[in-house]
Amino acid sequence: MPQIPEKVHELTVGQLAARSGAAVSALHFYESKGLISSRRTAGNQRRYHRDTLRRVAFVRAAQRVGIPLATIRDALAELPEERTPTREDWARLSRAWRAELDERIQQLNRLRDHLTDCIGCGCLSLATCVLSNPDDVLGQRASGSRLMVGRKEPGDQARKDG
């Protein structure tokens, strides 16, 4: 991994990509979504402040656990500009996501525990399917397969007319 001298306070997009492990296209995408920012040189080249390395690491870690980009952007907006975020900054932000992550873990545990039954049925649309109908929400409205209600298959009109 290329080392960047301490006296360098700004990184090119290529340097940021090499150091962060994120593709240049991902960095451009993050910037377009307001997750990171750069300044433009006289030659219209992007330059990123060194603290962007930590921000990119934070974005990538949050994405890996399923945090939506809008939530990540809101969290990053609370961080100070032009200062490397501290451990306390990150701890404060991650605490806010703990309940959401705990709920996802519970959902994944339920999925794991019922996966064999679902694979056995093969339909994924029965009223009691724990994958497509958790807690039998659709079964409370009516019996039978409810996920297909209102969908027309190709040829439905021809069968009715013929």
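I began with the order of elements, and reading along the sequence I find the pattern β-α-α-β-β-α-α-α-α. That corresponds to 6 helices and 3 strands in the chain; I note here that the model is a predicted one. Of the 162 residues of the chain, 25% count as buried.

**Entry on H1**

I next turned to helix H1, residues 13-20, where I looked up burial and found Val 13, Leu 16, Ala 17 and Ser 20 buried. Seen down the axis of H1, these buried residues fall within an arc of 100 degrees, so they line one face of the helix. I then asked what they pack against, and the partners are strand S1 (10-11), helix H2 (24-32), strand S3 (46-49) and helix H3 (52-64). Just after H1 comes Gly 21, for which I note a positive phi of about 85 degrees.

**Entry on Thr 52**

Is Thr 52 buried or exposed? Its relative accessible area is 4%, and because the cut-off for buried is under 20%, I record Thr 52 as buried. Leaving aside residues up to four places away in sequence, Thr 52 touches Leu 16, Ile 36 and Ser 37; Leu 16 is also one of the buried residues of H1.

**Entry on H3 and H4**

I then examined how H3 meets helix H4 (residues 69-77): their axes come within 10 Å and cross at roughly 145 degrees, and the crossing is right-handed. From H3 the contact is made by Arg 55, Phe 58, Val 59, Ala 62 and Gln 63, and from H4 by Leu 69, Ile 72, Ala 75 and Leu 76. Sorted by class, this contact has 7 nonpolar, 1 polar and 1 charged residues.

**Entry on the aromatic pair**

Finally I searched for aromatic pairs, and the count comes to 1. Phe 58 and Trp 97 form this pair, with 5.4 Å centre to centre and 25 degrees between the planes, and I record the pair as stacked. Phe 58 lies in helix H3 and Trp 97 in helix H5 (residues 87-121), 39 residues apart, and the pair thus links distant parts of the chain. I checked burial for both residues, and Phe 58 and Trp 97 are each buried. Phe 58 is a residue I had already noted in the contact of H3 with H4.

How values were computed. Residues are numbered from 1 along each chain as its sequence is written. This is a predicted model: local features need pLDDT of at least 70, side-chain atom pairs count only at pLDDT 80 or more; totals for chains, interfaces and linings use all residues. Side-chain values use heavy atoms; hydrogens and water are left out. Buried means under 20% relative accessible area, exposed over 50%, partly exposed in between (1.4 Å probe, protein chains only). Helices (H or I, at least four residues) and strands (E, at least two) are DSSP runs, numbered from the N terminus. The arc is that of the directions from the helix axis to the C-beta atoms. Contact means heavy atoms within 4.5 Å. Rings of Phe, Tyr and Trp (its six-membered ring) pair if their centres lie within 6.5 Å; planes under 30 degrees apart count as stacked, over 60 as edge-to-face and the rest as tilted. Axes are lines fitted to C-alpha atoms, for helices over the stretch in contact, and angles run from 0 to 180 degrees between N-to-C directions. A crossing is left-handed if the near helix is turned anticlockwise from the far one by less than a right angle, and right-handed if clockwise. Ala, Val, Leu, Ile, Met, Phe, Trp, Tyr, Cys and Pro count as nonpolar, Asp, Glu, Lys and Arg as charged, and the others, Gly among them, as polar.
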